[in-house]
Amino acid sequence: MPVLIAAVVLVGSLCTLDLLLTLGVIKRLKEHTALLSKMADGSPGRPPVVPVGREVGDFTAVAVGGEVLTRESLGGETLVAFFSPSCEPCHEMLPRFVEHARTVSGGRDRVLAVVVGTPDRAEEQVAELAPVARVVVESGSDAKVSDAFGIKGFPTLLEIARNEDGHQVVAGNQVDLDSTAVVA
């Protein structure tokens, strides 16, 4: 009889321990779900993808319409956005970005939009972006602009400007689409 009691106590203790561990895992999953939902909607809790102060690398790309773009052709302060046709948050953010880009001083010459995807899949986003930005379409194997900026995820919105040495650097990585643009 004492062996049976010890076995029941042992099984009960193991079940209690298992229950506590399961509750801990559930709590962590809820925290991760909340964090991921913040990141997906672009809220301020989203960790920056490209650090402020990072120098923009050299690139040469051809915009829709044939204009050749380089790091130097971006001029001074420029709003830069990276989208992908396969990214759901990109589709949700695109109308707000277009409205924000309309308010940029200097017009479409101060806005660069890069759509990373095949030209046929990027058509819809390009059509929305073209009136307010110079648009570059990159395929995955030919991502010169994305590589120059160090893009790791989509959507990514950046403000770039020249530093005291005259190099283009990331001046901001948290663009507030609900405010009037200040890029000049």
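**Disulfide.** I looked for cysteine pairs and found Cys87 joined to Cys90, S to S 2.5 Å. I count a disulfide when two cysteine sulfur atoms lie within 2.5 Å. The search of the whole structure gives one disulfide. The torsion about the S-S bond of Cys87 and Cys90 is about 85°, so the disulfide is right-handed. Cys87 is buried at 10% relative accessibility, and Cys90 is buried at 0%. My classes are buried under 20% relative accessible area, exposed over 50%, and partly exposed in between, with a 1.4 Å probe and protein chains only.

**Ground rules.** This is a predicted model, where local features need pLDDT of at least 70, side-chain atom pairs count only at pLDDT 80 or more, and totals for chains, interfaces and linings use all residues. Residues are numbered from 1 along each chain as its sequence is written, and side-chain values use heavy atoms, with hydrogens and water left out.

**Sheet.** I traced an open sheet of five strands, ordered β5-β4-β3-β6-β7, with mixed pairing. β5 and β7 (168-172) stand at the edges with a single partner strand each, so one side of each has no neighbour in the sheet. The twist averages 30° from one strand to the next. Strands (E, at least two residues) and helices (H or I, at least four) are DSSP runs, numbered from the N terminus. Two strands pair if DSSP finds at least two bridges between them. I then checked β3 against β6 (residues 156-162): they pair in the antiparallel sense over five bridges. Thr78 stands opposite Ile160 in β6.

**Helix α2.** I found α2 lying across β3, β4 and β6, running at about 160° to β3. Axes are lines fitted to C-alpha atoms, for helices over the stretch in contact, and angles run from 0 to 180 degrees between N-to-C directions. Contact means heavy atoms within 4.5 Å.

**Helix α3.** In α3 (residues 119-129) I listed Ala122, Gln125, Val126 and Leu129 as buried. Seen down the axis of α3, these buried residues fall within an arc of 110°, so they line one face of the helix. The arc is taken from the directions from the helix axis to the C-beta atoms. Asp120, Glu123, Glu124 and Ala127 are exposed on the other side of α3. The cover over the buried residues includes β3 (78-83), α2 (88-102), β4 (111-116) and β5 (134-138).

**Ser146.** I placed Ser146 in helix α4 (residues 144-149). Ser146 counts as buried because its relative accessibility is 6%. Leaving aside neighbours within four places in sequence, Ser146 contacts Phe82, Val114, Val116, Glu138 and Ile151.
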